[in-house]
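Q: Could you walk me through one part of this structure up close? I'd like to hear about the aromatic rings and how they pair up.

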Amino acid sequence: MAAIGLGLLASYKVSNQKFNIYANRLGSISGLLLVVFSMLLSSFSGDSDATVWSQHWTFYVGVSLPCLAGLVISTLLTAQVAKLKKPEVISVGVECCYQNVGIAQSACVSMFSDPVKRGQALCVPLFYGIMEALVLGIYCIVAWKAGWSKAPRDENFCVIIAKTYEVEDDDGLNYEPLLDGEVATEAETGEPADLKFNPIV
C-alpha cells in the first residue's frame, strides 16, 4: 500500500518525462526482484508439493485458463464488436491478460507464516507470471509482425524493445502560422494566437 500511495503521489507532484522513464524502470526491476524472491521462498519451503513444477496437471490448466481466455475474448470483442483500431485492440488484450502478480506474491508472503503453505500459495502467481510472460511475448511479436502495433514491422527487434512509440509529450505537436484571412485567438483555441495546430506529423 505504501508503494502504491507513494507512486500515485509522485506521479501527481512530479511532471517530468525523464522521471517517469526512470520510475518505470525501477518498478520493472523491483517486480523482477520480487519474482526471484518468491521463487526462492517457494523452492526452500522444505516440501516438494510447494514447488511450481511439482503440481498436478489440473493446476497448470486452471492457472493458465484465465490468461488465455482473457486474451482471446478481449481481442475478439475489441476487434469484431467494438471495432477499435488495431493498436488499441492489442493494448486491451494485453491489459486483460496481464495481471500484477507482484501484489499476489506480496499477499502470499504476508498471509502465511507456515513455509509449506506459503510456498504452495506462491505457486499460483509464480506460474501465472510465467504463463503471461510467454503468452504475451508471443502475442505481441505476432501482432508487431502483422502490423497491428505502432512499431514498424520492419524495425529491428532490439530497437522496438527499447523504444517507446507512445506520445511522450506535447512538445512534439506541430504548429504552423495562420494563413491570410484565418483568425484565431488564444482564448478560443488555447494555442498561441499567431499559430494553429497541424495534426499531420
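**Aromatic pairs up close**

A: Let's start with F157, which is partly exposed at 39% relative accessibility (buried means under 20%, exposed over 50%, partly exposed in between, using a 1.4 Å probe and protein chains only). Keep in mind that this is a predicted model, where local features need pLDDT of at least 70, side-chain atom pairs count only at pLDDT 80 or more, and totals for chains, interfaces and linings use all residues. Residues are numbered from 1 along each chain as its sequence is written, and side-chain values use heavy atoms, with hydrogens and water left out.

Now for the pairs. Rings of Phe, Tyr and Trp (its six-membered ring) pair if their centres lie within 6.5 Å; planes under 30 degrees apart are stacked, over 60 edge-to-face, and the rest tilted. That rule gives six aromatic pairs. One of them joins W53 and F127 edge-to-face, at 6.0 Å centre to centre and 85° between the planes. W53 sits in the loop between α2 (17–43) and α3 (57–81) and F127 in helix α6 (residues 115–145), so this pair ties together parts 74 residues apart in sequence (helices are DSSP runs of H or I, at least four residues, and strands of E, at least two, numbered from the N terminus). W53 is exposed at 61%, while F127 is buried at 6%.

Back to F157: with W144 it forms a tilted pair, 5.9 Å centre to centre and 45° between the planes. W144 lies in helix α6 and F157 in helix α7 (residues 157–162), so the pair links parts 13 residues apart in sequence. W144 is buried, at 5% relative accessibility.
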